[in-house]
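This report looks at a few parts of one structure. Please have the sequence and the model open while reading.

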Amino acid sequence: MLRLLHLLLLLLLLLPPPGTPEPPGLAALSPGAHPQPPDLLYADGLRAYAAGAWASAVALLREALRSQAELGRVRRDCRARCTAEPGADLSAALLDVPGPDSRPRLAPGAWERLLLRAALRRAECLSHCAARGLGPGGAARLRVGRALRDAFRRREPYNYLQRAYYQLKKLDLAAAAAHTFFVANPKHLQMREDMAKYRRMSGIGPQNFRDLETPPHWAAYDSGLELLGHQEAGLALPRLEEALQESLAQMESCRAGCEGPEEQQREEEEEEGTGNQGGLYEAIAGHWIRVLQCRQHCVGDTATRPGRSFPVPDFLPSQLRRLHEAHAQVGNLSQAIENVLSVLLFYPEEKAAKEALNQYQAQLGEPRPDLGPREDIRQYVLRSLGEKRQLYYAMEHLGTSFKDPDLWTPAAFIPETLREKLREDQEQRPWDHEPPQPKPLTDWKDVLLLEGVTLTQDARQLNGSERAVLDGLLTPAECGVLLQLAKDAAEAGARSGYRGRRSPHTPHERFDGLTVLKAAQLARAGAVGTQGAKLLLEVSERVRTLTQAYFSPERPLHLSFTHLVCRSAIEGEQEQRMDLSHPVHADNCVLDPDTGECWREPPAYTYRDYSGLLYLNDDFQGGDLFFTEPNALTVRAQVRPRCGRLVAFSSGGENPHGVWAVTRGRRCALALWHTWAPEHREQEWTEAKELLQEPEEKDEEEEKEMPRRDSSPEPPSHRLQRVQDKSGKPPRVREEL
């Protein structure tokens, strides 16, 4: 009864008075009030949602989000305040060296009293500070379990909020909540469909699809990069500087969370190898090592975009490089020198940074000994190196584990006994698994000559930009091998209960798709020929090499996704057909034919940079590829498929394209997408290659058992269930061009 009264009172406080307009976005509620336990609010919000009490669900879920954010803010502020208290820095005393007042060295055992007294004083400060910010009971009253932290990290409250807002007819807020959830969950198929529905609703525009949880450093970073791309260095500088400062602040917030309750790390102890090993000092050392490991991982957390699997490599040094280049462009040579010196703190031997420094100093014309690296970066590097030194010591002498997230860590900090093992671990980083990059070629024509390929049409002849038609990538025999591979894979699927499906774009065609990993799995199982599976890998790399040489010789391209797709006309359903095999679209943005705009945001695959279609046959009617104006109506160019013909083009709104209806026969093509972002490279390509290279001598049981994983067309590394699930129903497979 008391719980019910408490809930009703809370709802009265949270719900706005009648007639009050909804605040923009998901603004904080009840400002100044102490936060309520986020787990209880979230649970009550889900109960209200299940009961269809949409207004109550919105209020409770929003308050749960606010309380969770407030809990993190108070912990961060309290950590900063208590760290700055007098006597907090005991490093000199604990290392048994003379202090600034030249006091004698500490007597034996004195460090123990200093350490424990400092720990008690810090605990008292944190406890009082949390009570002031969070109310009676402080952080202990609001302790959040790992499951709830993961739910908030995945932004699950926004999934419920978008549905509740929709029921309340608040479509603008529903679209914002849906977009916020989808940014962190780009593989969520239902939300992808919901997003498409919101875009078709009247009154919903691009401004409604905003990320309500965008970390400030990513917003500033993307804005700065966009301005740099438009050659607006002066306008980009404030945003780039903001991005760097917000990145450092985000890392400080993350580091504060590392000092939370010990149960937050209990589930990580086994994988980190830092479980409690016995007495007082072992327990202290174990917990301190976990804190240091967590702090070191904060740079990776900060450098990982919401919804992405891997961090942006060298996130801080890359920001400093852009800053010094932008300062130099606008003539701020002093600031350019400070930032390039900061880069050299990470990479003292970097040739490009040294050359830039010499250039800036020469342009400055006079020696400036007062110029040095940025103080915030200097402090960051010194602190990080100090923590690494302790972690490597623990690895060597206590048997703990540590995965260094940084590429710039000096080799001198790593004990000799650990260097070989760590070198092997570095080589096993998932984002470093990619097909070997060919040596740069001075002219793309060298590649065409090497491969026997001819340029049939360039961008001018195709009435567009960054598009080309290349012939001769496959011989007729190779086309035959890949066509047989597609046929055998389709028959293997039919034997498993999967007979293909009608295309989602038209009811008049049937669709079959095969990924490189699925081809390798079928080959290992003997369902398809190994020659075809290996050729599929080889040809995809051949296309990547040519695409990079033609469009991007100075910047490596990575395969993002490879898909062998066949479309078959359904007999008896082609009379008076008026639709397309694939409607007009762009590959990395959502095309709006009414305005001619293309929104580079989810649900589009925004990381795609170049696309390729390699055709295998021409014995069918229809199925030509065509390019249009942004209005999706005016056809600018048309390409007829044939064996070995590659159509390559940039993936953006400058190349809207579609496919005419296939009215007879079966049209097969290899669709490939490429990206500049190494974190989005196709992991399944490497898995398929390794699978095909494994020895064929396996146990009979292993030979008979099919792998349990099946690869989904997109995004990379996302797997669907097996071809046929336990219920006997075929899985849902998304069509690709």
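## Gln 296 and its surroundings

In this predicted model, the side chains of Gln 296 and Glu 387 make a polar contact at 3.1 Å. Gln 296 is part of helix 14, which covers residues 280-302.

Is Gln 296 buried or exposed? Its relative accessibility is 4%, and buried means under 20%, so Gln 296 counts as buried. Apart from neighbours within four places in sequence, the residues in contact with Gln 296 are Ser 384, Glu 387, Lys 388, Leu 391, Phe 402, Pro 405 and Asp 406.

## Helix 23

Helix 23 consists of 22 residues, 530-551. At 1.5 Å a residue, helix 23 should span 32 Å, and this agrees with the 32 Å between its end C-alpha atoms.

How many of the 22 residues of helix 23 are buried? The number is 18, so helix 23 is largely enclosed by the rest of the structure.

An open sheet is formed by 4 strands, which follow the order 6-14-11-12 with antiparallel pairing. Strand 6 (582-585) and strand 12 (635-639) are at the edges; each has a single partner strand, so one side of each has no neighbour in the sheet. From one strand to the next, the twist averages 20 degrees.

Strand 6 runs antiparallel to strand 14 (residues 657-659), and 2 bridges join them. Which residue in strand 14 does His 582 stand opposite? That residue is Val 659.

How values were computed: Residues are numbered from 1 along each chain as its sequence is written. This is a predicted model: local features need pLDDT of at least 70, side-chain atom pairs count only at pLDDT 80 or more; totals for chains, interfaces and linings use all residues. Side-chain values use heavy atoms; hydrogens and water are left out. Two strands pair if DSSP finds at least two bridges between them. Axes are lines fitted to C-alpha atoms, for helices over the stretch in contact, and angles run from 0 to 180 degrees between N-to-C directions. The expected span of a helix is 1.5 Å times one less than its number of residues. Buried means under 20% relative accessible area, exposed over 50%, partly exposed in between (1.4 Å probe, protein chains only). A polar contact is a pair of N or O atoms within 3.5 Å; within protein, one must be able to donate a hydrogen and the other to accept it, and residues adjacent in sequence count only if both atoms are side-chain atoms. Contact means heavy atoms within 4.5 Å.
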